[in-house]
Amino acid sequence: MSATKKIEEGCELVRQAEKSLKTGILKWRPDYESAADEYTKAATAFRIARSYDQSMDCFFKAVDCHKNGRSWFHAAKCYEQVILILKEKNSLLEIEENANKACNLYLQHGSPEAAATALDKAAKIVEQKHPDVALRFYQHAMEIVMNEDSTRQATEYASKVARILVKLRMYDQAADAIRREIGLHQQTESYGQIGRLAVALILVQLGRGDLVAAEKAFKEWGNCCDPQESQTLECLLQAFDDEDPEMAAQALANPFIRHMDVEYTILARDIPLPRGMKVAPRADVVKDAAASYVSPNSEAAQSADDANPTNSKVTANDEDDDEGLC
């Protein structure tokens, strides 16, 4: 019953909004501000009644009214409400278009922070099921705040970009993203964070199968690591250089690696271990494969002749024939 009343309330508000848009002899211009307000209230009523399509339609009409009144900020707010409805409908792939429209309107209004925040909110909604869409949101948000020289906020978005790239196993791009994040931390002199990122970069390079790049990263940024981290990384790289799978597994199981961000922990777990030095297998010997050589002068040969008198007789006859010939 409550839902029915809310729908009736929404329909009445829509009629009032349409009335505000009408013109006449004494009213030459539509009242866009009042119409936008009525449409927004109607959209809220429909949303409470779970009539999501009607609610979204009213929000879009409110957007048009705000645009006609050059109220870019409030138009962007309406798009953010549409995003929340799409979340309730589980229509996550439709969020990207509306989030980008909200972002553009915020920028048009001159509110880059609000634009980046809108993208951040949208990314959090879709990240679990559609990390590729979230990646685009975070990359766009990072570009916006970097243009505003907001280094600290840009660092947060850069971290999210790197972690999603690792999650998607896009290791080449992940390595570039981590280097960019390190550069941002250098600007704020956050050397402890650089040490942690050095570990992440080495893990990514090993995930790529590039030991040389991993060693280069350690030489470049290893001095920012804690002593325990530095020692573990030395053992890890030495294990890969020596092709020692046991030592490599032990280094990757170090507690400080297991307590990194979940994406890097999973990466450490899935890094292919070195196969180790292979030893050529010994040739198998087949027993009694061929008869052994026996010397004719040996006792075994004499015993064989005694056991076979025919051979002796043939030999004796041969000797007699030889004597006759002489």
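Which residues in α8 are buried? In this predicted model, local features need pLDDT of at least 70 and side-chain atom pairs count only at pLDDT 80 or more, while totals for chains, interfaces and linings use all residues. Residues are numbered from 1 along each chain as its sequence is written, and side-chain values use heavy atoms, with hydrogens and water left out.

The buried residues of α8 are A154, T155, Y157, A158, S159, K160, V161, A162, R163, I164, L165 and V166. Buried denotes under 20% relative accessible area, exposed over 50%, and partly exposed in between (1.4 Å probe, protein chains only). Helices are DSSP runs (H or I, at least four residues), as are strands (E, at least two), numbered from the N terminus. α8 is mostly covered, with 12 of its 17 residues buried. The cover includes α6 (112-126), α7, α9, α10 and α15. From first to last C-alpha, α8 reaches 24 Å. This is close to the 24 Å expected at 1.5 Å a residue, where the expected span is 1.5 Å times one less than the number of residues.

The packing of α8 on α15 was examined next. Their axes come within 9 Å and cross at roughly 35°. Axes are lines fitted to C-alpha atoms, for helices over the stretch in contact, and angles run from 0 to 180 degrees between N-to-C directions. The crossing is left-handed, the term for a near helix turned anticlockwise from the far one by less than a right angle; clockwise gives right-handed. On the α8 side, A162, R163, V166 and K167 take part; they meet E263, Y264 and L267 in α15. Contact here requires heavy atoms within 4.5 Å. By class, this contact has 4 nonpolar, no polar and 3 charged residues. Nonpolar covers Ala, Val, Leu, Ile, Met, Phe, Trp, Tyr, Cys and Pro; charged covers Asp, Glu, Lys and Arg; the others, Gly among them, are polar.

Another site involves α9. H185 lies in this helix. H185 is buried, with a relative accessible area of 8%. Leaving aside neighbours within four places in sequence, H185 is in contact with T155, S190, Q193, I194 and L197. T155 is itself among the buried residues of α8.

Salt bridges were then counted. Side chains of opposite charge can pair when their charged atoms come close. The criterion is a side-chain nitrogen of Lys or Arg within 4 Å of a carboxyl oxygen of Asp or Glu. The count comes to 17 salt bridges.

One of these joins E96 and R136, with the closest N and O atoms 2.9 Å apart. E96 is in helix α5 (residues 95-109) and R136 in helix α7 (residues 131-147), so this pair links distant parts of the chain, 40 residues apart. E96 is partly exposed at 21% relative accessibility, and R136 is partly exposed at 38%.

D270 and R169 form another salt bridge (3.3 Å, N to O). D270 lies in helix α15 (residues 262-270) and R169 in the loop between α8 (151-167) and α9 (171-188), so the pair ties together parts 101 residues apart in sequence. D270 is partly exposed at 30% relative accessibility, whereas R169 is exposed at 52%. Just after α8, R169 takes a positive phi of about 60°.

E229 and R196 also meet in a salt bridge (2.9 Å, N to O). E229 belongs to helix α12 (residues 227-241) and R196 to helix α10 (residues 191-208), so parts 33 residues apart in sequence are tied together. E229 is buried at 5% relative accessibility, while R196 is partly exposed at 29%. Elsewhere, salt bridges that share partners join D120, K124 and K160 into one network.
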